[in-house]
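Hi,

Here is the structure I said I would pass on. Have a look at it first, and then read on for what turned up in it.

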2 protein chains.
Amino acid sequence: MKLLHTADWHLGKIVNFVHMTEDQQYILDRFIDIVKEEEPDVIIIAGDLYDRSIPPKQAVELLSRTLTTIIHELEIPVLAISGNHDSPDRLEFGSQIFRRQGLFLDTKLKEQRQPVTLHDQHGPVHFHLIPYVEPAEVAHIFDDSSIKTHQQAAEKLLEDINDRFDMKERHVWIGHAFLAGGMESESEERLSMIGGSPYIDAHLFKDFAYVALGHLHQPQRVTADHIRYSGSILKYSFSEVNHQKSVTIVEMDEQGQTSFEKIPLHPVRDFEIVEGFFEDLMDGNAAEDTNNYLHIRLLDDGQLIDPMGKLRKIYPNILHLERKRSSNKQQLDELNKAKERQQLSHQDLFASFYEDIKGDSIPEHRKALITSAVEYLREKERGQ
Amino acid sequence: MKLLHTADWHLGKIVNFVHMTEDQQYILDRFIDIVKEEEPDVIIIAGDLYDRSIPPKQAVELLSRTLTTIIHELEIPVLAISGNHDSPDRLEFGSQIFRRQGLFLDTKLKEQRQPVTLHDQHGPVHFHLIPYVEPAEVAHIFDDSSIKTHQQAAEKLLEDINDRFDMKERHVWIGHAFLAGGMESESEERLSMIGGSPYIDAHLFKDFAYVALGHLHQPQRVTADHIRYSGSILKYSFSEVNHQKSVTIVEMDEQGQTSFEKIPLHPVRDFEIVEGFFEDLMDGNAAEDTNNYLHIRLLDDGQLIDPMGKLRKIYPNILHLERKRSSNKQQLDELNKAKERQQLSHQDLFASFYEDIKGDSIPEHRKALITSAVEYLREKERGQ
């Protein structure tokens, strides 16, 4: 059986005020090309289909169109779960009706927890769709208040699968979780840590033929070859600048032995970090592609007039402009960052935020406005 | 062929800060009972499935569950369109996949505009699903900039149907619009009046076997027996207090002749207007049912201490408490209302709003807070 494993689409994602819709549309068109070429028997989407519980309507349209193409035109079953970014209630709309067309979209842990079973010439493969759930929900379903961590929740779910199924048959776990050993990047939100660690021990999954994971954005295996994150379809943060995004093709044999191939996903615009002096950057050769999403670090010390405006004429998709500070100050900054922040006044904290986002220091009249607003609120707080 | 016609579900509706979810859930359970008893060949939902473009998740769940029951358990095809309250983009999610299961949900006017054709022993019946669209969209589709009103848009759509189809066969128009002759209530939002009247002349539809309309909340025929609003499933405003809500059963014969029956929908809590003196109301017999949603008009002149709090102990679902003013003042009020409002200060306007909503005058400390907030904003506006 041939599986195509993807995850973390984050449709509707906004990075530094820029909507990624066009990039997502482009990459999902490429995704469909890959599906046509690879002709997998089943497609797995391991959570975070949307970036937030109420996605923009363009994201709703894009997901609807993509799923419809896979189900109707390509006639390949889809097994999808919700991630920590999705709204289980909203994403669930119509899911019972979808099932009859081969779209299995589980957003809540069902009482029954029946796997979706598909067959190849060697027999059945059981796919366990485990959407992202808080430990408390698992505690509730099993009526076991001792379940307080993601680890305990996973243990319980696995114990239950072991009890009810013949693990000598081929089983696939589809989950959206943080398995110990995985590497984080900035654009994944921390999972709930109520009651302790968000991690799940990967060793728990040794009896599965394959474990298809979502949540971490970098494609990677976790402690064993058959436990994998497919990674996201696009870079969603500059911390992901060195990732090679891909989808994972899994070939599973009669015994449940698996082999893998990663098919790269090439975006219409890449993420790139560029460092240099303003004058050098203005010649237009500093980036791999002037249309890339750029994080620019300016090395200049002195004053520059509207560097963002001028650079944007050459590099239209700058997401972040950073002024490099003198190295002494930089060291100090790094050492004292956390400490400093705690001591900053509201005004200074906002000014620093403003500079971070706009790449320019906050103008005096805006600073005054913030000061007056903060003072007003403080007065109110003191009950006038 | 037996049609069941409903419309204006407005799932997620909030009336005076009260979520109608529980009432809607109850009435849709009754609706399912009616469907089971009547066993129609098809169910028509003529728009405004939701009350707003981003409905609360409980409404999404309720719609999903109800449609799933009809499609999967009862196996009756559903023909639904979006109304002016629905978001065409959001409601469209998965609609291509739903079609193959007998759920036809049109939220946008398609280029093709193919009707859904169902058959009985006498031959085909063509259902034209016309979601609520602005005249400009129709102008765009037909590349005809002379279309500026809902009337012109309907004329164009009908002309097109006449050109492409044999009108001697049986045709049904499913629309969400304001047909001339219909009676408005307060809870319908006015349709777009860009370019003039929102009305469409009912006479246009004479060649249809049946015209299934949504938008007006009172069940009614419009100028002819075969042109009907089913009305909403619940009362959504005190202006609808005298409506008898129902679904419409349509029996259509070989010739396209129709006969009708209205099946009443009885809510778990009715809307009721109650008028009387505070002391009399406190005996608990003033309302048909103490659990009804009440608009109470108090006839007392003098001061009352927390009448809302006291009345709510007996009538828990008061939505509106009105103090009747002396008749001289009342007349004056009515005459000068519009004029008065324009002259009111922000503070007085807010105080009047507060009293309207809470049924009590605004306490001094809250009034002072509003005053200080308004002054602060004004200062800001003057540029400090």
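Predicted model: local features only at pLDDT ≥ 70, side-chain atom pairs only at ≥ 80, totals over all residues.

As for bookkeeping, residues are numbered from 1 along each chain as its sequence is written, chains are lettered from A and ligands numbered from 1 in the order in which they are written, and side-chain values use heavy atoms, with hydrogens and water left out.

Chain A has 384 residues, and 53% of them count as buried (under 20% relative accessible area with a 1.4 Å probe, protein chains only; exposed is over 50%, and partly exposed is in between). If you take the contacts in chain A (heavy atoms within 4.5 Å) between residues at least 6 apart in sequence, 66% of them join residues at least 24 apart.

Now the interface. Chain B and chain A each bring residues to the contact: 31 from chain B and 31 from chain A. About 2,900 Å² is buried between them, with carbon and sulfur atoms giving 63% of that (this is the accessible area, 1.4 Å probe, that two parts lose on being put together, summed over both). There are 10 residue pairs in polar contact between chain B and chain A, both residues at pLDDT 80 or more (N or O atoms within 3.5 Å; within protein, one must be able to donate a hydrogen and the other to accept it, and residues adjacent in sequence count only if both atoms are side-chain atoms). On the side of chain B that touches chain A, the elements giving two or more residues are α2 (57-73), α3 (88-91), α4 (95-99) and α11 (364-381) of chain B. Of these, α2(B) gives the most, with 9 residues. Sorted by class, that side has 15 nonpolar, 8 polar and 8 charged residues (Ala, Val, Leu, Ile, Met, Phe, Trp, Tyr, Cys and Pro are nonpolar, Asp, Glu, Lys and Arg charged, and the others, Gly among them, polar).

How many salt bridges cross the interface of chain B and chain A? The rule finds 4 (a side-chain nitrogen of Lys or Arg within 4 Å of a carboxyl oxygen of Asp or Glu). B:D89 and A:K57 form a salt bridge, with their closest N and O atoms 3.4 Å apart.

Over all chains, the structure holds 46 salt bridges. A:D89 and A:K108 make one, at 2.7 Å from N to O. A:D89 is in helix α3 (residues 88-91) of chain A and A:K108 in the loop between β6 (103-106) and β7 (116-120) of chain A, so this pair ties together parts 19 residues apart in sequence. A:D89 is buried at 13% relative accessibility, while A:K108 is partly exposed at 24%. There is also a salt bridge between A:R297 and A:E322, at 3.1 Å for the closest N and O atoms. Here strand β18 (residues 293-298) of chain A holds A:R297 and strand β19 (residues 318-323) of chain A holds A:E322, 25 residues apart. A:R297 is partly exposed at 28%, and so is A:E322 at 30%. Shared partners join A:K57, A:E61, B:D89, B:E92 and B:K108 into one salt-bridge network.

Next, the inside. The largest nonpolar core has 86 residues, and A:F31 and B:F31 have the most contacts inside it (a core is a set of buried Ala, Val, Leu, Ile, Met, Phe, Trp, Tyr and Cys residues joined through side-chain atoms within 4.5 Å). Leaving out residues up to four places away in sequence, B:F31 touches B:L4, B:T6, B:W9, B:I43, B:I70 and B:V247. Another core lies apart from that one and has 30 residues, including A:A139 and A:I161.

One more residue to look at is A:H176, in strand β9 (residues 170-176) of chain A. A:H176 is buried, at 3% relative accessibility. Its side chain reaches the backbone oxygen of A:A46 at 2.9 Å, and a polar contact of 3.4 Å joins it to the side chain of A:H215.

Cheers

Technical notes. Helix = DSSP H or I, 4+ residues; strand = E, 2+ residues; numbered from the N terminus.
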